[in-house]
Amino acid sequence: MTQLLIGIKSLLVAFVLIGAVPLVVANYQYLLVGLHFLRLHYRDCEPWLPRTAVLIPAWNEQAVIGASVDRLMRLQYPRESLRIFVVDDASTDATPQVIQAKAEQYPGNVFHLRRERGGEGKAATLNHGLGVILADDWMQAVLIMDADVIYEPDSLRKMTRHLADPRIGSVTAFIKEGSQRGNYMNRFIGYEYITAQGAARRSQEVLGVIACLAGGAQLHSRENIEAVGGRIDNSSLAEDTVTTFKTQRAGRMVIFEPHATVWAEEPGSVVALWKQRLRWARGNVQVTKMFADVWFRPNPTDRLGSISFGLIWFCLLLLPALMMLASASLVILYFIGYQLAWTAFHVLWLANVITYVFITPFTLLIDPATGRRTWRQALLFPGAVNVVILLAAVLPGPLYWVAHQLCTAAGFSITHGWVRGIQLFTYIWLSGCMAVAYLAKVVEPRPLGRFLSEVLVYLSGFGPLLCAVTTAAYVQEFRGAEQRWDKTEKTGKMVAAV
Amino acid sequence: MSGLADRRRRRGRQRGRHRGRRRGGHRGGHRGSHRGSPRGRRRRPGRPARSLRPAFGGAEPSAPSFEDEIRAAVSYERGLAAKAFLSIALVVVVLALRVYFFG
């Protein structure tokens, strides 16, 4: 019986420590960012400006499409080498008229392609355009973008210079959140994009593999788009990730150009974010299944099968599951091995402190301009409650003193029972924060919901909110829920700001 | 003695060559070493020769050249290594505080 109990306790401690693996991997990724200068592709670049077809899928984009086209026509790129194909996916608003007006304003540069039967998703819309573009041999490169994305004037030429090297199949840019005076959600996303793009893509480039071309900024050479079948995969919700994987499987490299900046309008509410990220997270689950033969199987053509990349991919995908596992293990240990639970929690939380202190300032320094706007959200990214727990891990004495003073002022003293209750709460909070984040989505459409949901997001954290979305994606995939292309609503607020 | 002087002269010439390469720009420096490398890089057909110096067609003479842009990008990426080092130093400080003052 004692042996069994020791075995169970050891297993539970192992589960808690597995929760620290994503943190170790995150630190490893950020260390690689510091080594990015060793793997730059610039030595093989040339100022090459190929004939580029820009492909924009558009469904009810009247608020943004006109400005996007105007900005594209202001690119530092020869007009004779630029053609913009807007594929109107049976829009029901004024999108066709706006595109038609732009086609007349920029004859020979802007083309309106209309699909009479729409609603089949972004991939189907893109394939309609690709069919037209590939029909003649004018195009040397194709830029696939979203209707709301605004390109900096120098961005496209900074991307095409990599295609001068025939080993390169695709290039992606640094997409930034574009609402200069956005709300708290826009600023959270602004910070998150530095971690997910500015940092993650640099580290992946050091490893020689890119997980995903940004859907709003992917430049392909003609050879590459033909090599992947001349079509975009429409069987999953993550068509951009599938294209990225196929490109690398075909033996071509994918490059992230961090100095080519494009701006995108991102969701301004929890509900809109949920809709967008659920699609992305489900797409990632589908890609994991689709490329089941790739993971952890190193091969000479690409680095998709490398151990490092597999760890990065699965740590992100399984993060919510690992958090719940660690949390549940801690709660059980609390009742059957109180001291052991406390020690295991300390190890886990030490890893958390190191990760937070290393990653937060480094992320802000990677893109200081965005960092100046989003530093508050950066500090509260794990959630206010988690930040207090982190502080308690670093400064237990001073924090206990503050708590003691506050309790004395309030007229009661901290008893042993209180301390144990707080400990149990912190164990539960590890996964409970995801439930609170989910609550933020539930309350948002209700009266006072905007205010309440903002408070809940700050309390639970933006990171746990994304974990909650991933959990919902697991559930939907498991249930085989209908695959829907829920488009993110664009209002054009970013156009004015940029 | 004359051997030592010879060696110094040779070293001086080598240094001069390196400086010249650096002044010539990052790409100039690195490209030479990669052209005809065993990686077998080919020039993409239809691509203009390297004499195209401006970063983009119609650029004003005062605009940064292609080489300037590459140099700025490389320098930014090198700066990230320093930033990583700073962040690691911060972690060390926090851990030291925890161990020595609030342990």
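Taking contact to mean heavy atoms within 4.5 Å, the legends below describe close-up views of a predicted model.

**View 1. The interface between chain B and chain A.** In this predicted model, 46 residues of chain A are in contact with 41 residues of chain B. Putting the two chains together buries an area of about 3900 Å² between them, and carbon and sulfur atoms give 63% of that area.

**View 2. Polar and charged pairing across the interface of chain B and chain A.** Three salt bridges are found by the rule across this interface, and one of the salt bridges in the model joins A:Arg157 to B:Glu69, with 2.7 Å between the closest N and O atoms. Between chain B and chain A, eight residue pairs are counted as being in polar contact, both residues of each pair having pLDDT 80 or more.

**View 3. The side of chain B that touches chain A.** Helix H2 (26–34) and helix H3 (66–100) of chain B are the elements that give two or more residues to this side, and H3(B) gives the most, with 19 residues. By residue class, the side of chain B that touches chain A divides into 20 nonpolar, 15 charged and six polar residues.

View 4. A:Thr241 lies in helix H9 of chain A, which spans residues 239–249. Because its relative accessibility is 3%, and buried means under 20%, A:Thr241 counts as buried. When residues up to four places away in sequence are not counted, A:Thr241 touches A:Ala211, A:Cys212, A:Asn284, A:Val287 and A:Trp313.

Note on methods: Residues are numbered from 1 along each chain as its sequence is written. Chains are lettered from A and ligands numbered from 1 in the order in which they are written. This is a predicted model: local features need pLDDT of at least 70, side-chain atom pairs count only at pLDDT 80 or more; totals for chains, interfaces and linings use all residues. Side-chain values use heavy atoms; hydrogens and water are left out. Buried area is the accessible area (1.4 Å probe) that two parts lose on being put together, summed over both. A salt bridge is a side-chain nitrogen of Lys or Arg within 4 Å of a carboxyl oxygen of Asp or Glu. A polar contact is a pair of N or O atoms within 3.5 Å; within protein, one must be able to donate a hydrogen and the other to accept it, and residues adjacent in sequence count only if both atoms are side-chain atoms. Helices (H or I, at least four residues) and strands (E, at least two) are DSSP runs, numbered from the N terminus. Ala, Val, Leu, Ile, Met, Phe, Trp, Tyr, Cys and Pro count as nonpolar, Asp, Glu, Lys and Arg as charged, and the others, Gly among them, as polar. Buried means under 20% relative accessible area, exposed over 50%, partly exposed in between (1.4 Å probe, protein chains only).
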